[in-house]
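Below, the labels given to parts of a protein are each set against the rule behind them. Please look at the model first, then follow the questions.

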Amino acid sequence: MKTTLATLTLCLVVLLATGFPFERKGGSAAGGASKEKRVQYAAWDDVNVIAHGLLQLGQGLKEHVDKTKVQMRDISTKLKVFNRTVAELGAESHRLRSEGETLKVQVRGLEDREVQMINVTAELREKAEEMLQEKRTMNDRMNRLEQKVENMLHETDTSAGSRNKTDAHNIQLMLEAQNKRIDDLMERIRLQQEKLDKQNMRIRTLQSQVQLRLRSSSTTGGPAILEQGDSPLELPSDCHELFLRGETTSGIYTIQPINAEPFKVFCEMTADGGWTVVQRRQDGSVDFNQQWQAYEKGFGTLNGEFWLGLEKIHSIAKDGGYVLNIKLSDWNSDLMSVRLPFQLGGEETKYSLKVEEAGAFGILERSLGADATLGLPFSTSDQDNDRKKDYNCAKQLTGGWWFSNCGSSNLNGRYFQSPPPKLRHQRKQSIFWKSWRGRYYPLKSSLMMVAPAFIQNKS
């Protein structure tokens with residue numbers, strides 16, 4: 001564009017210079033003194049060239065002006081966007097500063113709560129130590145009293161026989177009172193220990209939350225707000241550990257037993273602890289006539305009917321020290337509960353169920369089978385591991401279970417609505433617990449859940 005303008009300008013100057021008339025001097029030999037004037041004009045083609053050049057120059061200038069206007073509009077739009085972005089950044093910066101202040105207040109609050117809980121824990125620990133010292137003192141006194149009673153019983157003085165009997169009776173009463181005081185003291189120590197466990201668990205949870213906040217803040221460069229319900233750094237191993245951390249609402253949670261992957265469970269929270277539910281039957285919405293792989297992995301819906309899975313149950317209770325709580329109901333709304341200390345073997349044992357404390361078995365407990373104290377492997381229709389030879393209990397009764405023989409119990413059988421079927425062989429396939437309502441009574445519901453054996457809840 002600059003070259004075109006310069007060329008056109010140069011042509012314009014030359015043509016203007018040649019376009020004006022001028023004088024030209026000359027003479028003949030004869031006249032000597034005459035002058036002749038000649039006037040010259042630019043050629044018409046040259047004028048056309050100049051006009052055409054001027055038109056091109058004007059057109060070029062117009063295009064240049066239009067392009068400049070478009071560029072100016074783009075620049076104006078970009079400036080507006082830039083100004084709006086600057087305003088938004090300013091607002092975001094203000095919000096981040098406000099959140100930073102809020103985070104500082106929350107962290108200070110958590111630190112205050114942590115200090116308070118540490119102080120409470122120290123006080124509880126001191127009380128527990130005092131009670132233990134009192135217990136030792138009482139044991140010493142009781143030992144001395146027992147020694148005194150023994151010495152009195154061995155005295156052979158007949159004249160003091162009646163007096164010794166009276167003293168021995170009084171001392172016996174004192175011993176009984178002391179034993180009662182010791183039992184009360186042991187109960188108080190147990191309650192204090194449970195409070196200590198809960199306080200320690202809450203302190204560790206708060207420490208984990210503070211560490212998570214600080215770590216997130218340092219890595220992202222900004223505040224990290226930990227919302228209610230966020231998981232701490234370490235997942236609980238079962239529902240009772242969740243209870244010790246302060247959870248009191250029944251529902252679905254994520255746990256991670258030792259040396260296992262995390263998975264979701266339904267936790268039944270009671271006044272004294274948390275139970276991990278492993279089976280629920282209530283309406284027949286889920287088909288429990290499944291094969292080995294399904295029973296191993298689990299099936300159903302945690303909020304409805306489900307089987308947690310043999311692998312997951314084993315990961316929770318593989319080391320023993322757990323109790324299996326079975327709750328049943330019939331169609332008259334009567335309830336029954338059975339509690340069995342148990343241990344569940346791994347895949348190599350066909351997930352064998354071993355029930356402890358055989359001598360404490362009552363009538364209801366016996367429906368699991370007499371072989372339960374030795375270990376009952378799990379059976380399904382495609383893996384016959386029951387104790388009955390030449391007969392597949394799972395295939396005949398439907399569902400998977402720890403079958404000793406086919407007539408003691410099966411809580412994973414077919415679900416029948418009331419009234420039950422009339423045919424006897426169909427009722428044998430139902431959910432039943434023989435020692436409660438009999439083999440041919442289809443139960444209304446069943447609930448199986450596990451927890452550490454020291455839970456005192458008897459509901």
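Q: What makes a residue count as buried, and how many of the residues in the protein are buried?
A: Buried residues make up 36% of the 459 residues in the protein, where buried means under 20% relative accessible area, exposed over 50% and partly exposed in between, with a 1.4 Å probe and protein chains only. This is a predicted model, in which local features need pLDDT of at least 70 and side-chain atom pairs count only at pLDDT 80 or more, while totals for chains, interfaces and linings use all residues. Residues are numbered from 1 along each chain as its sequence is written, and side-chain values use heavy atoms, with hydrogens and water left out.

Q: Why is Val-265 called buried?
A: Its relative accessibility is 0%, so Val-265 counts as buried. Val-265 belongs to strand S2, residues 263–269 (helices are DSSP runs of H or I with at least four residues, strands runs of E with at least two, numbered from the N terminus). Its contacts (heavy atoms within 4.5 Å), leaving out residues up to four places away in sequence, include Cys-239, Tyr-253 and Leu-308.

Q: Why is the pair of Tyr-295 and Phe-299 called edge-to-face?
A: Rings of Phe, Tyr and Trp (its six-membered ring) pair if their centres lie within 6.5 Å, and planes under 30 degrees apart count as stacked, over 60 as edge-to-face and the rest as tilted. The ring centres of Tyr-295 and Phe-299 are 5.1 Å apart with planes at 90 degrees, so the pair is edge-to-face.

Q: What makes the pair of Trp-292 and Tyr-351 tilted?
A: The centres of Trp-292 and Tyr-351 are 6.1 Å apart and their planes are 40 degrees apart, which is a tilted pair. Trp-292 lies in helix H5 (residues 292–297) and Tyr-351 in the loop between strand S7 (335–344) and strand S8 (353–355), so the pair ties together parts 59 residues apart in sequence. Both Trp-292 and Tyr-351 are buried.

Q: How do you know that Lys-350 lies over the face of Trp-292?
A: A charge sits over a ring if NZ of Lys or CZ of Arg is within 6 Å of the ring centre and within 35 degrees of the ring normal; Lys-350 lies over the face of Trp-292 at 5.9 Å from the ring centre.
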